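Trainee: I would like a close look at a single part of this protein. Please take me through it step by step.

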Amino acid sequence: MKKVCIAAVISLMVLSGCNNSKSSNENGNLEEKALKTLAADSLETYVAGNSESNENEETIEETIRDITLYFSDYQAEYTVAETRKVEIKGSVEETVFEELKKGPENKELYGVIPEGTRLLSIQTEDGVCTVDLSEEFVSNQPGGTAAETISINSIVNTLTELEHIDSVQFRIEGNVREVLIHHALDRPIKRNENVIKN
């Protein structure tokens, strides 16, 4: 398409030049002006169309990005990073959480979101990401302090991979809880580098 547009513009300009050399009468001058105007309009249309195409390509590229998710190792002792390329749908926080909820692609790692857990809302303000989860996040915890702690650390470490997030405040069904079962949830939780396995 690009070659055709350029060829059309060049052809029109050549015709314009030929017409100018063959005739200097009033009709020739009018035809020359008309051809030059048509050539200019064609070039402007091509440039505008090409610019719009580039903007669309940039928009598509911006919605596809690499994200880092943290899952549990087999002992629920460390979080292990897994990177994947995803399309951002809705907010980036929501996309990241939903990808974490899907579980790891690496078969040696383990999911950290209890079955049935629903994301009710998620939003970030002043570096604090507030994550509101359904009751299943509490009631379907597998049990044990280690599993509970790794679940929280995995979520926090995953979300704080995003540059604009410094800490995570958990809510359950819209309410702040003092503890999940054993782990405190009453204040924003910061990233824990100590549990990340390199």
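How many bridges join strand β4 to strand β5, and do they run parallel or antiparallel?

Mentor: Six bridges join β4 (residues 128-133) to β5 (residues 167-172), and the two strands run parallel. Two strands pair if DSSP finds at least two bridges between them. Strands here are DSSP runs (E, at least two residues), helices are runs of H or I with at least four residues, and both are numbered from the N terminus.

A word on the source. This is a predicted model, in which local features need pLDDT of at least 70 and side-chain atom pairs count only at pLDDT 80 or more, while totals for chains, interfaces and linings use all residues. Residues are numbered from 1 along each chain as its sequence is written, and side-chain values use heavy atoms, with hydrogens and water left out.

Back to the pair. Val-131 stands opposite Phe-170 in β5. Helix α5 (residues 145-159) packs on the sheet. This helix touches β3, β4, β5 and β6. Its direction makes about 130° with that of β5. Such angles run from 0 to 180 degrees between N-to-C directions, with axes fitted as lines to C-alpha atoms, for helices over the stretch in contact.

Now the sheet around the pair. Four strands form an open sheet, ordered β3-β4-β5-β6, with mixed pairing. At the edges are β3 (119-125) and β6 (189-190), each pairing on one side only. Helix α3 (residues 92-102) lies across β3 and β4. Its run is at about 135° to β3.

The side chain of Gln-169 reaches the backbone oxygen of Leu-185 at 3.1 Å. Leaving aside residues up to four places away in sequence, Gln-169 touches Val-128, Cys-129, Thr-130 and Val-131, among others. Its contacts (heavy atoms within 4.5 Å) also include Val-176, Leu-185, Asp-186, Arg-187 and Pro-188.

For contrast, look at β1 (residues 64-72) and β2 (residues 79-87). Nine bridges join them, and they run antiparallel. Asp-66 has Lys-85 in β2 as its bridge partner. The two strands form a hairpin with six residues between them. In the turn, Ala-76 has a positive phi of about 55°.

Finally, the whole chain. The protein chain has five helices and seven strands. Along the sequence they follow the pattern α-α-β-β-α-β-β-α-α-β-β-β. Of the 198 residues, 36% are buried.

Conventions
Buried < 20%, exposed > 50% of the residue type's maximum accessible area, 1.4 Å probe, protein only. Polar contact = N/O pair within 3.5 Å; in protein donor to acceptor, adjacent residues only side chain to side chain.
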